[in-house]
Amino acid sequence: MEAYNFFLDNRGHLRSGWRLAIFGVAFLICVQLTQVVLFLILSALLHRSYDQLISGYWSIFAGHGSILFSGLLVGWACGKLLEELPFAALGCSPHPGWLKNFGLGSAFGAASLLLAALFATLMHGIQFRFDPAGGGLIGQTLATSLAIFVFAAAAEEILFRGYPLQSLTRARLAWLGVLLTSVPFAAVHLRNPNVVPGFTFVNTALAGVWLAIAYLRTRSLWLPLGLHWSRNWAQASLLGLPVSGIERITPAPLLRATNAGPDWLTGGAYGIEGGAACTLALLVSIIVIWRLKLFVGADVPIENAPESGA
């Protein structure tokens, strides 16, 4: 009987637990350095102080830009050095059917949020009216926020549905990957304004499960990216609701929402993500993504992955 190797699997690769530890440490170092560099570059180019940058859209660019760059760089390096995998294994390269997955994800993401809003409206928790701002301001908000939400969603997807989830999936530990990415995904949102105790964590964790399932169905990040950005965009830019407690991204949305409560249903000032209406919509959305047969699977190179074990 062959002795168990605590460090290496049966193909000579580091076991997934060690791979995740290396990724985590390298990512934290890289993201801190990258963020400092981005803020220094922006400060020099725009002639603004750090305090001025942190209060505007540029903080989103620097923060999520550092996450996106670090997730791509460290994820690719770990895949290459620890598992002998090409960059395409990260699931963010175009592949046959990627545009279909992205388009369907964008449609289903918006539909999921609209379903939550419908639940809340039918129970008289939220009322909507058209924004009185001019069409030019609304159009500018819709276009600008679309770019911001796509960029922010790409950063979060490459981190939470990128190398950590994928490496554990290759180790036949997808269930653990879903857990270890969905819980931190929920935890980082607890620092946002107007958090609703209980519902914020549960709903964001459910959203993480939803997005992880979207990756597992396709072995590609295009479907979860479509779900992620469009859900946030529909929430803020179409319906005028806060996104995870943040409102400053969409100064002139298509609709304005009035919260009639109760907050356990609507999420109050945090936004609909903090209420029971969103919980119901996410449960329906998880089932739809899990059962639907419309998506195209990517031909991801995983032949060098370990057969089993952490």
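Helices, as named here, are DSSP runs of at least four residues, numbered from the N terminus. The model is a predicted one.

Rolling a probe the size of a water molecule over the atoms shows where empty space is left. A search of the whole structure for cavities of 30 Å³ or more finds 1. The space in this largest cavity comes to about 60 Å³. Its lining includes Gly 75, Trp 76, Gly 79 and Lys 80, along with Tyr 163, Gln 166 and Arg 170. Leu 85, Pro 86, Phe 87, Ala 89 and Leu 90 also line the cavity. Two helices, α3 and α6 (163–170), each supply at least two residues of this lining, and α3 gives the most, with 4 residues. Sorted by class, the lining has 7 nonpolar, 3 polar and 2 charged residues.

Buried means under 20% relative accessible area. By that cut-off 8 of the 8 residues of α6 are buried, so the helix is largely enclosed by the rest of the structure. Among them are Tyr 163, Gln 166 and Arg 170, which also line the largest cavity. The helices that the buried residues of α6 pack against are α1, α3, α5, α7 and α8. Just after α6, Arg 172 has a positive phi of about 60 degrees.

The next space is an open one. The volume of the largest pocket is about 1400 Å³. It is lined by 50 residues, and those closest to its centre are His 64, Ile 67, Glu 156, Val 188 and Arg 191. Several helices each supply at least two residues of the lining, among them α1 (16–46), α3 (57–83), α5 (135–160) and α7 (174–188). Others that do so are α2 (50–54), α8 (199–218) and α9 (222–238). The helix that gives the most is α1, with 10 residues. In this lining 30 residues are nonpolar, 15 polar and 5 charged.

Aromatic rings come next. A pair of aromatic rings is described by the distance of the centres and the angle of the planes. The structure holds 9 aromatic pairs. In one of them, Trp 229 and Trp 233 have ring centres 5.8 Å apart and planes at 50 degrees, so the pair is tilted. Both residues belong to helix α9, and because they are 4 residues apart there, about one helical turn separates them. Trp 229 counts as buried because its relative accessibility is 10%. Trp 233 counts as buried too, at 16%.

The last stop is helix α11, residues 276–291.

Note on methods: Residues numbered from 1 in each chain as written. Predicted model: local features only at pLDDT ≥ 70, side-chain atom pairs only at ≥ 80, totals over all residues. Heavy atoms only, no water. 1 Å grid on protein atoms, 1.4 Å probe; cavity = no way out; pocket = protein on both sides within 12 Å on 5 of 7 lines; lining within 4 Å. Points joined across faces, edges and corners; volume = space filled by probe spheres on them. Nonpolar A, V, L, I, M, F, W, Y, C, P; charged D, E, K, R; others polar. Expected span 1.5 Å × (residues − 1). Phe/Tyr/Trp six-rings, centres within 6.5 Å; stacked < 30°, edge-to-face > 60°. Buried < 20%, exposed > 50% of the residue type's maximum accessible area, 1.4 Å probe, protein only. Contact = heavy atoms within 4.5 Å.
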